[in-house]
Amino acid sequence: MAPAESSSKSAKASSSKPKSTAGQSTLAKFGFKGALTNKKKSSVSQTTTEDEDIVEDEDEEEDEEEDDVEGNTAATAGTKKKKTGRPDQSDLPPLTDIPSIFADLVERIPEFIAFAKKFKGRKLRVATMCSGTESPLLALGLITRALKKDHGVDLQFEHIFSCEIVPWKQAYIERNFKPPLLFRDVTELGNEEATTAYGAKITVPIDVDMLIAGTSCVDYSTLNNQKQDIEAKGESGETFRGMMRWVQRAQPIIVILENVCGAPWPKVAKDVEKAGYSASFSRFDTKNYYIPHTRTRVYLFAVRQQGSKGERKAQKWLETVKGLQRPCSAPYDAFLLAADDPRIQIGRERLVKGDSSRAKTVVDWAKCEARHARARLEEQLGNRRPLTNWSENGTCKMQDFAWIDWASAQVDRVWDLMDISFMRAAAKGYDSTYKSILWNLSQNVDRQIGSSVAGISPCMTPTMIPYLNFRGGPMLGVEALGMQGLPVDELVLTRETEDNLADLAGNAMSSTVVGTAMVVALFLCGEILCEEIPEEDDADMAAEQDKNKVPGEDLVSGFDQLAVSDLDLAKLREVPLKELLEKADASSRLCACEGRSLVTMTELTRCQDCGHTACTRCGGRPEHNYIAIDVEAHPRLRPLAFQKEAKEALPMRVELVGVQPEKMDALKKSAGVEIKSSVWESYKSAVSQATSLEFHYHALKRQSIWVAVYHSP
């Protein structure tokens, strides 16, 4: 069954006529009998006042804007927009690995590969301003890695400086990117000297090839009820003018700007052109560039070349970036961490213990309560609370797979919104807990709280509560970073809280979009960039690299204390299979709250009918015929202890033999199935190739059973 679309309504639909009773009959199928208990519309308050803490999603309104954010309407007037389909219906290969995505992007742009081969003799000089997570640097790193691995081209870049005013973001940038200079305030960069994050006055570098900047959007955002124009002395105008003063002084060859769609882009482009550039801009959506995330942002490209040549480059950039659209081909849950990943358990504990302010906020939802009641009445949903089963005394009881500890920390408004959203889905004929649907629980009930297409995430904002239906809990901050196309496994995240990570994700540039923008800009401006490479730089750069090399002996001491011993990976400890299986059963996961390594101290129960297990805190929904598990009669084994013993018993290398095409043909014949010849031959080829390789031990994962994972090279 294909995933159903999100059933939440927009604000415009809040005043529509009541639905027919067909919705009630559908709700009855889900067990919501007698759901409609109040049909008198006059008894419901019609207040439309919004609670101040409720965040409205800016992308809902952005999607309704006219295409006046298109920098060159003549180029796009006759072009129909590509309609993004559902990820589960895509005929493109499913790409979810971020390095593989960038390898595919580079492969699709032979002009960029040609530029990279030609650009030798020096490093590409790059500066960033207000880019938060430094997505441009991460994208450049992935691009250069793909170039070297797949095409043998070593394109190097040098990060000249960063600029960030928020202290904890400065720490993140310093830890992950180690920029030579980290300035504090973008408004100072137009001067000869500016203050660094450490308080020193340093000369501002101007020898830069490419600038990528994402100046403040606070005054343009649809979340702001007191918007200001670019000429005003607001934060957005001041940061933009600071950036432009530096551009006028430094005159980098390429400038790429990113901001929300509500920014005054025609004025921005005019200011950039006054500084001696040709510019074009347009709106781009992340879900059209590999990642299943609805995030529309405008990017502006400017080249330090005016006249017809510069205008052609600007126009060509616009057309090429649009032409490189590659719709997402996998749902957003394929980009998330595994359910038993240790980082999930850590993030869950941090949320519950109050690491996130959202988990502790007490909200008076009296103003929203009337809107909720009106939504229930007009949509004929009734007053039931089937998902959370919450009560006015401050308790709720989610299903046993859900994050019950997190859910219990939420407020009445969030609980009621979850129930209304669940019943809206039920009225459409599906159970949302089995779908790849994400709800933004920071929204009001009469706003669109989820993506209109299953499998695609709505826009990540810094303060949203992204609820995953199939998890029964929120998307973590590190996962939200992944939804921006960032290689989270390569980031060093230490002291950042869940709120900090959500802030980083909500303000980040999508790496696939900014990466495409940079790649196209570089090969279009390759002629100008290559003109500035001195002929003698090859030898000079090699000498400089040799001079900077530090021998390993200078970094490590105590070699004389190291002992040499043989490592025999083929050596195994003999363990009887029966004993190993008994220990695996004794250390297996008996409740979802235990994760990969925990053993709960709460009483455990087992269903006498189906064998399902859960602790008394998590169990209860759905109902089972539970009896207590006697852990004294059947002692449990610590997972780490079994993992250590199993590693010693399992082979580190495995080779499959006897998997031959003839045997597969015989199995197919004995099964009596009809398979298209071309499909069968492709299948046999893939299986033969996979089984011909040697598999190496990778990990031992604890689930309801233990799983040994082997990878091939």
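Leaving aside neighbours within four places in sequence, H372 touches W365, R413, D416, L417, I420 and V445, where contact means heavy atoms within 4.5 Å. This is a predicted model, in which local features need pLDDT of at least 70 and side-chain atom pairs count only at pLDDT 80 or more, while totals for chains, interfaces and linings use all residues. Residues are numbered from 1 along each chain as its sequence is written, and side-chain values use heavy atoms, with hydrogens and water left out.

**H372 and the chain as a whole**

- H372 is part of helix α12 (residues 366–378); helices (H or I, at least four residues) and strands (E, at least two) are DSSP runs, numbered from the N terminus.
- H372 has a relative accessible area of 1%, so it counts as buried. Buried means under 20% relative accessible area, exposed means over 50%, and partly exposed lies in between (1.4 Å probe, protein chains only).
- The protein chain contains 23 helices and 18 strands.
- It has 713 residues, and 50% of them count as buried.
- Among contacts between residues at least 6 apart in sequence, 74% join residues at least 24 apart.
- The accessible surface of the protein chain is about 34,700 Å², and 51% of it belongs to carbon and sulfur atoms. Accessible areas come from the Shrake-Rupley method with a 1.4 Å probe; for residues, only the protein chains shown count as cover.

**Confidence**

- The average pLDDT of the protein chain is 83, and 80% of the residues score at least 70. pLDDT is the predictor's confidence in each residue, from 0 to 100.
- Over residues 29–68 the pLDDT stays under 50, and the model has 102 contacts beyond four places in sequence for this stretch.
- Residues 72–82 also have a pLDDT below 50, with 13 contacts in the model beyond near neighbours in sequence.
- Where pLDDT is low, the predicted coordinates should not be read in detail.

- The largest nonpolar core has 123 residues, and F112, M210, I254 and W317 have the most contacts inside it. A nonpolar core is a set of buried Ala, Val, Leu, Ile, Met, Phe, Trp, Tyr and Cys residues joined through side-chain atoms within 4.5 Å.
- Helix α17 gives the most to this core, with 10 residues.
- Another core, of 35 residues, lies apart from it and includes I160, V272, A279 and F281.
- In soluble globular proteins, nonpolar side chains tend to be buried together.
- Beyond four places in sequence, the contacts of W317 are S280, F284, Y299, L300, F301, A517, V520, A521 and L524.
- Helix α5 (residues 110–118) has F112, I113, F115 and A116 as buried residues. They lie on the same side of α5, because they cover an arc of only 160 degrees around the axis; the arc is that of the directions from the helix axis to the C-beta atoms.
- The cover over the buried residues of α5 includes α4 (98–107), α6 (135–151), α17 (511–524) and α18 (526–531).

**Strands**

- Three strands form an open sheet in the order β10-β11-β12, with antiparallel pairing. β10 (438–440) and β12 (473–474) are at the edges with a single partner strand each, so one side of each has no neighbour in the sheet.
- β11 (residues 466–468) pairs with β12 in the antiparallel sense over two bridges; two strands pair if DSSP finds at least two bridges between them.
- L468 has G473 in β12 as its bridge partner.
- E193 lies in strand β4 (residues 193–195) and is partly exposed, with a relative accessible area of 42%.
- E193 and V204 are 11 residues apart along the chain, and their C-alpha atoms are separated by 5.3 Å.
- Neighbours within four places aside, E193 is in contact with E188, K201, I202, T203 and V204.

**Backbone exceptions**

- Most residues other than glycine have a negative phi, and most peptide bonds are trans.
- E134 is not a glycine but has a positive phi of about 60 degrees. E134 is in the loop between β1 (124–129) and α6, and at 1% relative accessibility it counts as buried.
- K178, also not a glycine, has a positive phi of about 45 degrees. K178 is in the loop between α7 (167–177) and β3 (182–183), and at 59% relative accessibility it counts as exposed.
- R621 and P622 are joined by a cis peptide bond, with omega about 0 degrees. P622 is in the loop between β14 (613–615) and β15 (626–628).
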